[in-house]
Amino acid sequence: MKLKPTYAVTTPLYYPNSSPHMGSAYPTIAVDAITRHHRQRGSTVLMITGTDEHGQKMKRAAQLHGLLPQTYCDQMVVEFSKLWQQLNIKNDRFIRTTSPDHEAIALEFFQRVYKAGDIYLGTQQGWYCAECEEYKSEKDLLPDHICPTHTNRNCEWRDEQNYFFRLSAYQDKLEEFHNQNPDFIQPEIRRNEVVNFIQQGLRDFSISRINLDWGIPLPNDPTHSLYVWFDALLGYITALLGTDDEPTLENATSKFYPIDLHIVGKDILRFHTIYWLAMLMSAGLPLPKKVFGHGFLTKEGQKMGKSLGNIIDPYNLVDRFGSDAVRYYFMKDIEFGKDSDFSENRFIDSVNADLANGLGNLLSRSVNMLHQYCDGKVPMLKPAEIPSTHILKVLGNDLTDNVPNLYDRVAITKACKECFSLIEASNRYITEQAPWELMKTGGRQTVVDEILYSVLESLRLYAYLMYPIMPTLASKIYTHLGYPSDYCDRPEFFTWQQAKWGLLPCGQLLPRAKPIFQRIVVQD
Ligand code: MSP
């Protein structure tokens, strides 16, 4: 497996126009899992998240609360950080687009693009959705100029002078880029949407707003501020600055650049796969390696979001069920890439079935048997001598090979499902082998030793591979398997060598079994 020494991955930069909801938590959990997975593979990873604080939408949200935009943003950012902590998100950077460093980066970038001749003054007319912060073409709107994602708001007619970015000049280069990099946009279906959009012909887009004081003023014309999307995308570059770095493009792009992976919702894919690429081409900077467009969490078929007021409250879910259950459910049961309706009943059934029954019972049953038949010690055998056709060994070895490939394709749901198949197979195996029967009928201890070893080792491997998704639970499994409580924080944990089946140390003493996941009981 090829090791990439550094890896940079981003969430979108969220509008802090209200407290974060599950739609903001969802991609952040995914990015945290991807980060942890790449760390396990030995890469130095930079996980970037943050907030996109300028623009009309933010100004209005602050006004609604009777606050200055900056004060309002400051309050909301605290909410984001709090939620990330509760969800066990370990971001390395939290970029705020109102930071002075960001302003310096955005202005330097603007100047470069200006010098390249890609910015000019023109007139923009059209329907503007302030919620999307985007001009919409008539054909993309519902009757009465309603935005399909913000059905409770009408778009506003705008007719104003704006500075434009010469996107049309990048038509051929973008087509060529997407032809030559067919894996750049994932999943495949999203790529087709983007490629079709480009083929219809790209139009220049406006990158400034006149008389909007909540934004970065243009250096050449301070009556204009930088369009929030132009500003926000550059946040990914600002985020690369180290704490003591001078805020220059050169410094920001000296390490971790280009970004390896942007995770974004399908609604903002065009910004990341068309506008962003053309902006970088214009500034003479290398392009990111991959963009993954995930689907929407929906409620009764409609995109869940702040403006429609149909949100799932992530704080409430974490409070009631714990961060691992939330992370697990959203990553394993909701296919990353597709839309999915959220149902609390399905959530409870699913985590109970997998984590309490499938996983928890297997661990307590096998640890109990180890205490009954082997004095609580991992049997003394030679794991390498367990036949290579042994069902659990085969499955374990396959996972070692497949899981990194799945993460490289951002197929997180599939990775979780494949890992769980090892737990299902272990449950079937122990039931079929029935070591308790063997012990009763005087079967050979060595046979029982091999059965218990293989099941416990499969649990260890499962915990290792699922650590990116449920770090607390994985760490608990390690402790139950006799490892020190800080084992999952140690450097040796972050080498892919650990992903091999057959590493559980023989003779290791296991503590008595305790439930690792409390079954969720619904109160009527
Ligand atoms: N500020 C821009 C992003 C700028 S990135 C340089 C923005 N912010 S947002 O807060 O409106 O949305 C951030 C992300 O959250 C988007 O990728 C969006 O798709 C995602 N989600 C918001 N609601 C969602 C769901 N209901 N389901 C899944 N993701 C959703 O756009």
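Author: Let's start with the landmarks: helices (H or I, at least four residues) and strands (E, at least two) are DSSP runs, numbered from the N terminus. This is a predicted model, in which local features need pLDDT of at least 70, side-chain atom pairs count only at pLDDT 80 or more, and totals for chains, interfaces and linings use all residues. Residues are numbered from 1 along each chain as its sequence is written, and side-chain values use heavy atoms, with hydrogens and water left out.

Reader: Thanks! Let me try a backbone feature: where is Asn88 found, and what is its phi?

Author: Most residues other than glycine have a negative phi, and most peptide bonds are trans. Asn88 sits in the loop between α3 (69–86) and β3 (93–96), and its phi is near 60 degrees, a positive value in a residue other than glycine. Phe256 also has a positive phi, near 65 degrees, and belongs to the loop between α8 and β14.

Reader: Are Asn88 and Phe256 buried or exposed?

Author: Buried means under 20% relative accessible area, exposed over 50%, and partly exposed in between (1.4 Å probe, protein chains only). Asn88 has 17% relative accessibility, so it counts as buried. Phe256 is buried as well, at 10%.

Reader: Now the ligand. How many residues surround it?

Author: A residue is near a molecule if one of its heavy atoms lies within 4 Å of it. Here 22 residues surround the ligand, and the closest are Leu13, Asp52, Asp267, Leu297 and Met304. At least two residues of the shell come from each of β1 (6–14), α7 (228–238) and β14 (261–265), and α7 gives the largest share, four residues.

Reader: What is the shell made of, by class?

Author: With Ala, Val, Leu, Ile, Met, Phe, Trp, Tyr, Cys and Pro counted as nonpolar, Asp, Glu, Lys and Arg as charged, and the others, Gly among them, as polar, the shell has 13 nonpolar, six polar and three charged residues.

Reader: Which residue has a backbone N or O atom 2.8 Å from an oxygen atom of the ligand?

Author: A polar contact is a pair of N or O atoms within 3.5 Å. Gly265 has the backbone atom at 2.8 Å from a ligand oxygen. The protein covers 95% of the 660 Å² of accessible area that the ligand has on its own, computed by the Shrake-Rupley method with a 1.4 Å probe.

Reader: Next, charges. How many salt bridges does the structure hold?

Author: A salt bridge is a side-chain nitrogen of Lys or Arg within 4 Å of a carboxyl oxygen of Asp or Glu, and the structure holds 24 of them. In one, Asp213 pairs with Lys59, with the closest N and O atoms 2.8 Å apart. This pair links distant parts of the chain, 154 residues apart: Asp213 is in the loop between β11 (208–210) and β12 (217–218), and Lys59 is in helix α2 (residues 56–64). Asp213 is exposed, at 59%, whereas Lys59 is partly exposed, at 21%.

Reader: What partner does Lys303 have?

Author: Lys303 forms a salt bridge with Asp267 (3.2 Å between the closest N and O atoms). Lys303 lies in strand β17 (residues 302–303), and Asp267, 36 residues apart from it, in the loop between β14 and α9 (269–283). Asp267 is also among the residues closest to the ligand. Elsewhere, a network of salt bridges links Asp32, Arg36 and Arg327.

Reader: Last one: which residues of helix α5 are buried?

Author: An α-helix has 3.6 residues a turn, so residues three or four places apart point the same way. In α5 (residues 171–180), Gln171, Leu174, Phe177 and His178 are buried. They cover an arc of only 135 degrees around the axis (taken from the directions from the helix axis to the C-beta atoms), so they lie on the same side of α5. Asp172, Asn179 and Gln180 are exposed on the other side.

Key
Polar contact = N/O pair within 3.5 Å; in protein donor to acceptor, adjacent residues only side chain to side chain.
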